[in-house]
Amino acid sequence: MTYFIGVDLGGTNLRAALIDPASGERLAVRKMATPNRAGPAAVIDSISQLIDEVVAAGQVTREAIGGAGVGMPGLVDLDRGVALLLPNIAGNWPEVMLRDVLERRIGLPVRLINDVRAITLAEWRFGAGKGVDTMACYAIGTGIGGGVVVNGRLHLGISGSAGELGHQVVEPNGAPCNCGGRGCLEMYASGPAIAARAIQAIVQRRPTCMGELVDQDLNRITVEVVLQAARMGDEVARTIFEQAGAYLGIAVANTLLTISPRKVVVGGGVAAAGDLLLDPARRTVRERVFLMPADRVEIVPAELGNDAGLIGAALWAAGKALP
Ligand SMILES: [Zn+2]
């Protein structure tokens with residue numbers, strides 16, 4: 001039996017686990033705060049330390065471990081093994097040969113992967129996308145990431161850049177996006193976008209309980225507050241999810257027409273809204289897609305939760321996605 005290590009490098013938390021790639025089982029999981037202001041050397045130290053802890057806790061020998069996969073919260077150049085852009089972790093990352101440095105440091109083969117591509121792999125192997133040959137995955141949180149599996153393998157495109165589903169244009173003249181584009185889905189359906197809509201509604205004195213839920217402290221408005229209000233039947237909050245879901249539906253419609261997936265899996269913190277978000281997305285897809293059998297595509301919540309990134313990174317290291 002060969003185990004693999006999955007590492008999930010987040011802007012806030014760094015987690016690692018020893019994974020059995022055949023079952024997705026986690027034998028040991030450890031986490032620490034990401035030293036997100038301290039620069040690449042500190043991040044590499046932390047990853048190395050966490051891997052040592054996981055190996056010790058898993059009570060396996062180094063020889064029983066085939067390698068480590070590291071899920072990265074940003075753009076990765078898979079060919080060179082470097083991070084091109086990590087918006088939430090300080091450092092001149094393109095200058096760091098991260099894969100090679102980590103390999104020397106931990107004495108194991110290392111493969112980098114975008115974090116949502118890792119989630120996509122895990123949901124496909126063991127989660128909501130199990131058993132289908134073609135699927136798309138949206139992870140909706142602070143940003144919106146994505147990944148696509150086509151004909152039974154993770155589709156990578158140029159240097160792993162395929163699957164940036166959150167940066168499809170849903171409003172041609174829409175709001176400028178952090179990516180440099182304009183009108184991207186991320187500006188309309190991410191957690192911060194939904195919170196911004198809620199703040200706007202309160203400032204405009206629309207009839208909503210959301211202000212009361214945070215004692216009129218608008219800094220405390222988050223997507224969770226909007227969700228709480230929506231579940232209480234607040235029409236303004238429900239409409240905000242309705243609109244975000246409709247934008248998601250436009251992006252999903254494009255995805256359906258591009259790859260004709262069996263399933264579209266939606267995860268991330270905002271997906272906790274469930275059908276409040278997914279029903280308007282499904283409705284929009286029905287209204288807009290005619291040239292492929294959209295009624296045969298399931299739009300479903302992700303199943304693996306927080307561990308998907310860890311499992312997927314280990315699967316990536318295990319090469320399950322490769323022919
Ligand atoms: Zn964008």
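## Basis of the description

Because the model is predicted, local features are reported where pLDDT is at least 70 and side-chain atom pairs count only at pLDDT 80 or more, while totals for chains, interfaces and linings use all residues. Residue numbers start from 1 along each chain, following the sequence as written.

Across the boundary, 14 residues of domain 1 are in contact with 14 residues of domain 2, where contact requires that the C-beta atoms of two residues, placed from the backbone, lie within 7 Å.

On the side of domain 1 that touches domain 2, the elements giving two or more residues are strand S5 (75-77), strand S7 (110-114) and helix H3 (115-126). Helices (H or I, at least four residues) and strands (E, at least two) are DSSP runs, numbered from the N terminus. H3 gives the most to this side of domain 1, with six residues.

H3 has twelve residues and reaches 16 Å from its first C-alpha to its last, close to the 16 Å expected at 1.5 Å a residue; the expected span of a helix is 1.5 Å times one less than its number of residues. H3 is also mostly covered, since eleven of its twelve residues are buried, among them Asp115, Arg117, Glu123, Trp124 and Arg125. A residue is termed buried if 20 or more other C-beta atoms lie within 10 Å of its own, exposed if 12 or fewer do, and partly exposed in between, with C-beta atoms placed from the backbone.

Helix H10 (residues 308-318) is likewise mostly covered, and eleven of its eleven residues are buried, including Leu310, Ile311, Leu315 and Trp316. H10 is followed by glycine 319, whose phi is positive, near 75°.

## Strand S4 and its partners

Strand S4 (residues 65-72) is mostly covered, with six of its eight residues buried. Strand S1 (residues 3-9) pairs with S4 in the parallel sense over six bridges, and S4 is joined to S7 by five bridges, these strands also running parallel; pairing requires that DSSP find at least two bridges between two strands. Valine 70 in S4 stands opposite valine 7 and also opposite leucine 112 in S7.

## Two residues in their surroundings

Glutamine 168 is placed in the loop between strand S10 (153-154) and helix H4 (186-189), and it counts as buried because 21 other C-beta atoms lie within 10 Å. Leaving aside neighbours within four places in sequence, glutamine 168 is in contact with Cys184, Leu185, Ala251 and Asn254. Glutamine 168 and leucine 185 are 17 residues apart along the chain, and their C-alpha atoms are separated by 5.9 Å.

Alanine 41 lies in helix H1 (residues 40-58) and counts as exposed because it has 12 C-beta neighbours inside 10 Å. The C-alpha atoms of alanine 41 and leucine 98, which are 57 residues apart along the chain, are separated by 9.9 Å.
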